[in-house]
Amino acid sequence: MSLSIGLVHPYCWPEVRRGGERYVDELAGWLRAQGNQVDILTGTHADSSVEVRGDGAVVRRRRHARRFRLARFGVTDVESFGAAIWPTLVRRRYDVVHAMTPTAALAARAAGQRTVYTVLGHPTADQLGGRRFDPGVFRAAVRAAHQVTALSRASAGQVAALFGRPAAVLPPGVHCDRFPPDLTPRKPPARILFSASYSDPRKGLDRAVFGLAELLGTHPDARLVLSGQGDSSWALERLGPSAPSVSEHVEDLGPGSTDEVPGRYRDATLTVLPSTGEAFGLVLVESLAAGTPVVCTRDGGMPEIVSDDGVGRTVSPGDITDLARALVDVIALASKPGTPERCSRHARKWDWAESVGPLHLELYQGVLRSRSRAA
């Protein structure tokens, strides 16, 4: 049965290249490939517009409220987007609306839509308390949605603990065929890939740099390769007097094009993501799909990905010695025959076609069945 589905997020890929925007983009493409009707309901700072993508998904952009009028009250595009998109949700009817922010979920319910709300982040009490409109808006959205989901078991547990409602686990996916693996063992010198925002301290670029500084004692030719956006200088400056010598081992590739990203994973010895508060960790699955093992923090949803010592290591948050030790271990792991194939095979647990896409469709159909029973 073909469904009509509205996917709601304040920003759109590739105008904004983050995990949430990519999730919506690829989910829309997979749903369209299965014959469903899909609208991406998103925001823009330009004029409102409607665009039909090559795969048939329709992108309906609604102009964001003017920033300067709301910024003084601490209101961002995310908070105001529900009000901006509400008229579209009233006019257009969907079998299911899948909202990715609290105000979008509230707008969908207010418009009388059957609503799935995904909590994209890894919510904590400290995080919610630091934002002006939380936790009230989050709590209202969780209460209002017909189905609440989270990206990992860890994040689902946080939703239940904070808001008292269970959440289904609905992870994002990867098109593994877009990350064809290099199945040859990785040879020295070690190239450690950091693929995340440089400026967001939660991603842990400074921890990656400190880990590199320790690693150079045993692997003097190792390099830290940066692939992302933002200012990286602050992380190196934290090293103090040793910064100039360590910076010689840091290479900044910038964000690159989406076509360049798979090759960066294949060229790396390993990928490191020493972040905190990560609901999932999509770059880890991308790296594994390309045959490259990983090191990440034992925090949030990442240990659910790196659940096998044959594909990488997890480390204690903030423990640089533990991180450096893991880097040494995974450099050795990457050199072993069979490791790239094991990594690639492990990543397929999150392939859109094989597992993640059908899981989304099954959840949508379950929401519709519950509506039919209620009627």
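H12 and H15 sit oblique to each other in this structure, where oblique is what remains once angles under 35 degrees (roughly parallel), over 145 (roughly antiparallel) and 65 to 115 (roughly perpendicular) are taken out. This is a predicted model, in which local features need pLDDT of at least 70 and side-chain atom pairs count only at pLDDT 80 or more, while totals for chains, interfaces and linings use all residues. Residues are numbered from 1 along each chain as its sequence is written, and side-chain values use heavy atoms, with hydrogens and water left out.

**Two helix pairs**

Back to that opening pair. Helix H12 covers residues 282-289 and helix H15 residues 339-347, and they pack at an angle of about 130 degrees with their axes 7 Å apart. The axes are lines fitted to C-alpha atoms, for helices over the stretch in contact, and angles run from 0 to 180 degrees between N-to-C directions. Helices (H or I, at least four residues) and strands (E, at least two) are DSSP runs, numbered from the N terminus. The crossing of H12 and H15 is left-handed, a label used if the near helix is turned anticlockwise from the far one by less than a right angle, with clockwise giving right-handed. On the H12 side, the contact (heavy atoms within 4.5 Å) is made by Val 285, Leu 288 and Ala 289, and on the H15 side by Cys 343, Ser 344, His 346 and Ala 347. By class, that gives five nonpolar, two polar and no charged residues. Here Ala, Val, Leu, Ile, Met, Phe, Trp, Tyr, Cys and Pro count as nonpolar, Asp, Glu, Lys and Arg as charged, and the others, Gly among them, as polar.

The other pair is helix H4 (residues 102-110) with helix H6 (residues 136-144), whose axes come within 8 Å and cross at roughly 45 degrees. That makes H4 oblique to H6. The crossing is left-handed here too. H4 brings Pro 102, Thr 103, Ala 105, Leu 106 and Arg 109 to the contact, and H6 brings Val 137, Phe 138, Ala 140, Ala 141 and Ala 144. These residues split into eight nonpolar, one polar and one charged.

| Helix pair | Crossing angle | Axis separation |
|---|---|---|
| H12 and H15 | about 130 degrees | 7 Å |
| H4 and H6 | roughly 45 degrees | within 8 Å |

**The eight-stranded sheet**

Next, the strands. An open sheet of eight strands runs in the order E3-E4-E2-E1-E5-E6-E7-E8, with mixed pairing; two strands pair if DSSP finds at least two bridges between them. E3 (49-52) and E8 (168-169) stand at the edges with a single partner strand each, so one side of each has no neighbour in the sheet. Strand E6 (residues 115-119) pairs with strand E7 (residues 147-150) in the parallel sense, over four bridges, and Val 116 stands opposite Gln 147 in E7. H4 packs on this sheet, touching E1 (4-8), E5 (96-99) and E6, and its direction makes about 170 degrees with that of E6. Buried residues of H4 are Pro 102, Thr 103, Ala 104, Ala 105, Ala 107 and Ala 108, with buried meaning under 20% relative accessible area, exposed over 50%, and partly exposed in between (1.4 Å probe, protein chains only). After H4 comes Gly 112, with a positive phi near 80 degrees.

Val 52 stands opposite Val 58 in E4. Their hairpin has five residues between the strands, and Gly 56 takes a positive phi near 95 degrees there.

Arg 60 is found in strand E4, and at 17% relative accessibility it counts as buried. Leaving out residues up to four places away in sequence, Arg 60 touches Asp 39, Ile 40, Leu 41, Thr 42, Ser 49, Val 50, Arg 92 and Tyr 94.

**The six-stranded sheet**

An open sheet of six strands has parallel pairing and the order E11-E10-E9-E12-E13-E14. Its edges are E11 (250-252) and E14 (312-315), each with a single partner strand, so one side of each is left without a neighbour in the sheet. From one strand to the next, the twist averages 25 degrees. Strands E12 (residues 270-273) and E13 (residues 294-297) run parallel and are joined by three bridges, with Val 294 as the bridge partner of Thr 271. H12 shows up again here: it packs on the sheet, touching E12 and E13, and its direction makes about 165 degrees with that of E13. Helix H14 (residues 320-334) lies across E9 (191-194), E12, E13 and E14, running at about 175 degrees to E14.
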